[in-house]
Amino acid sequence: MFISLKRVFKFAWQGFLRNRVLGLEVMFIMAIAVFLITSLFLFQGISDFLIKEVQEKVDVSVYFKETVREEEILSVERNLYKFSNEIESVEYISREKALENFIEKHKDEPIYLEALQEIGYNPFLPSLNIKARDPSYYAPISNYLNQDSLQGIIERVSFFQNKKVIDKLSSITANVKTVVISLSLILGLLAVLITFNTIKLTIFTSKEEISTMQLVGASNWFIRGPFVIQGIFYGIISVLAVNLLFLIAFAFFSYRLETFFLGFNLLNYFQMNFLSLLWIQIAFAGILAIFSTLLALHKYLKV
Amino acid sequence: MISFQNVSKIYYSSVNSYPITALKDVSFIVEPKEFVSIVGRSGAGKTTLVKLLIGEERITEGEIFFRNKNIARIKSNELQKIRKKIGVVYQDYRLLFSKTVYENVSYILEVMGFSDQDIARDVSRILGIVRLRERAKNFPEELSGGEQQRLVIARALVHQPEIVIADEPTGNLDPYNTFEIINLFKKINESGTTVILATHDKRIIDGLAKRVITLEAGRLIRDEQGGKFIL
């Protein structure tokens, strides 16, 4: 068994070295298929990051009336912590702190500071800034804040003003994601079909030899083995070539693209997820090579 | 050892499905260690007979037995086992063009699981016999027609099969090489190997003085010991 396996690998290696032109064609086509799968993986990462970014921008700010005492606000804060499963954090921002934040934020923009001086008093309201563990939790939190007993002390809740914009953004992101995934799947399917046909063509050129191998008594697996392993070699090289290409591209363009993707660093993401990506790529290329080879060989292995 | 019982083979034209009878009701028995020549004009059915014997083609009617095993009805893995016991010299060579001379000959031994040392020894020996040792690293397309034919013979003999079937094995050889190859077949037959030789070369048949089966238009018309080439 071991000796046969060794020979199957030897024949595969010989075939790999001797069919360079056909091999290059197969590897090129497989590389396109792997490229599409990798792009899909990266897009998934980018869109998840962007959605998370948008979601993180979502918070509920509860502005209290100017006259409300700090104890009352802190009592609302304590009550909010009862939603421990839904709420990630609650931050109390006093009027003084809000003013301080505003001055810090606009220290280089004198027009804002001049306008503040013009008013002559602190116009900011005390507030509670609430972050939920998931955007879907904002609804029950808002319901709590909308209860009648709190209406006397609450000036406004900002969530409802942001909600439309956030919903719109989420909807656009989801739609773009659907379109890109559908396109990638169609292109991926095309690449799979082209790969299959290219492998079929390379095996077609060997059909006379396959027939001779059968006539000298070689078993089907002894004939199939080298072709399958050769296909896996092609797959592995395609995966390595695609990764090298992405690595070089990211090394040059990742910094520029970071601004475009709201701070998402493609090179970091690629490096951090390299092992899982590599598994996906190898599994994809391997299954594609094995499946295509076996299917193409099936026709010629009928004794 | 080999028994043909009322074997017929009909091909159907791929153009109009018109039936073409290649063999009609052929029956004969080949005993172990026999040397049998099958003669006939081109198209008489010699190559079809060889193809049926190694299971490359399916018979239309009748039965073929190899050591009491019905070739038409055995499973593919059984057929592969039988093929390993047969050495075939194909009229159209059937060489592995992606492999070197050495690899063409060693392939059957690798299929049979011989050790690397045994393979090196046996391949070198047989390549020496057919005078191709110097060409061991060449690919078949780099060989002349005669060298390719000698390579096919080397491949058929290297694993010392129980039976050798040679379909026009000297068609591309000069008289000197023809004489040597036929002598080689005689020698391996004397050592106990069954030889079936399909040819239309009168000089070979008359010189052998062995059993001759004569085919004409797919029918067996003569089967005689020490026969001559008569058409």
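**Sheets, helices and the chain interface**

Helix α1 (residues 46-53) of chain B lies across β1 (2-12), β2 and β4 of chain B, at about 115 degrees to β1(B). Helices (H or I, at least four residues) and strands (E, at least two) are DSSP runs, numbered from the N terminus. Angles run from 0 to 180 degrees between N-to-C directions, with axes as lines fitted to C-alpha atoms, for helices over the stretch in contact. Residues are in contact if their C-beta atoms, placed from the backbone, lie within 7 Å.

The model is predicted: local features need pLDDT of at least 70, side-chain atom pairs count only at pLDDT 80 or more, and totals for chains, interfaces and linings use all residues. Residues are numbered from 1 along each chain as its sequence is written, while chains are lettered from A and ligands numbered from 1 in the order in which they are written.

In chain B, four strands form an open sheet in the order β2-β1-β4-β5, with antiparallel pairing. β2 (19-30) and β5 (69-70) of chain B stand at the edges, each with a single partner strand, so one side of each has no neighbour in the sheet. Two strands pair if DSSP finds at least two bridges between them. Strand β4 (residues 61-66) of chain B is joined to β5(B) by two bridges. There, B:Phe65 has B:Asn70 of β5(B) as its bridge partner.

Further along chain B, strand β9 (residues 211-216) and strand β10 (residues 219-224) run antiparallel, joined by five bridges. B:Leu215 is the bridge partner of B:Leu220 in β10(B). The hairpin of these strands has two residues between them, and B:Ala217 takes a positive phi near 50 degrees.

Helix α5 (residues 145-157) of chain B has 13 residues, which at 1.5 Å a residue should span 18 Å; the end C-alpha atoms are 19 Å apart, which agrees. The expected span is 1.5 Å times one less than the number of residues. The buried residues of α5(B) include B:Leu151, B:Val152 and B:Ile153, and also B:Arg150 and B:Arg155. A residue is buried if 20 or more other C-beta atoms lie within 10 Å of its own, exposed if 12 or fewer, and partly exposed in between, with C-beta atoms placed from the backbone. Their cover includes β6 (86-89), α3 (101-111), α4 (116-129), β7 (163-167) and α6 (175-190) of chain B.

Chain A also holds an open sheet of four strands, in the order β2-β3-β1-β4 with antiparallel pairing. Its edge strands are β2 (87-93) and β4 (154-157) of chain A, each pairing on one side only. The twist averages 15 degrees from one strand to the next. Four bridges join strand β1 (residues 60-64) to strand β3 (residues 127-132) of chain A. A:Ser61 stands opposite A:Asn129 in β3(A). Helix α3 (residues 70-80) of chain A lies across β1, β2 and β3 of chain A, at about 175 degrees to β2(A). Helix α6 (residues 138-145) of chain A packs on the sheet, touching β1, β2, β3 and β4 of chain A, and its direction makes about 10 degrees with that of β1(A).

The domain assignment of chain A, automatic or from a database, gives domain 1 (2-54 + 168-301) and domain 2 (66-152). Their C-alpha centres lie 52 Å apart.

Between the chains, 14 residues of chain A are in contact with 18 residues of chain B. On the chain A side, α1 (2-18) and α9 (207-215) are the elements that give two or more residues. The largest share, five residues, comes from α1(A).

Terms used
Two residues are in contact if their C-beta atoms, placed from the backbone, lie within 7 Å.
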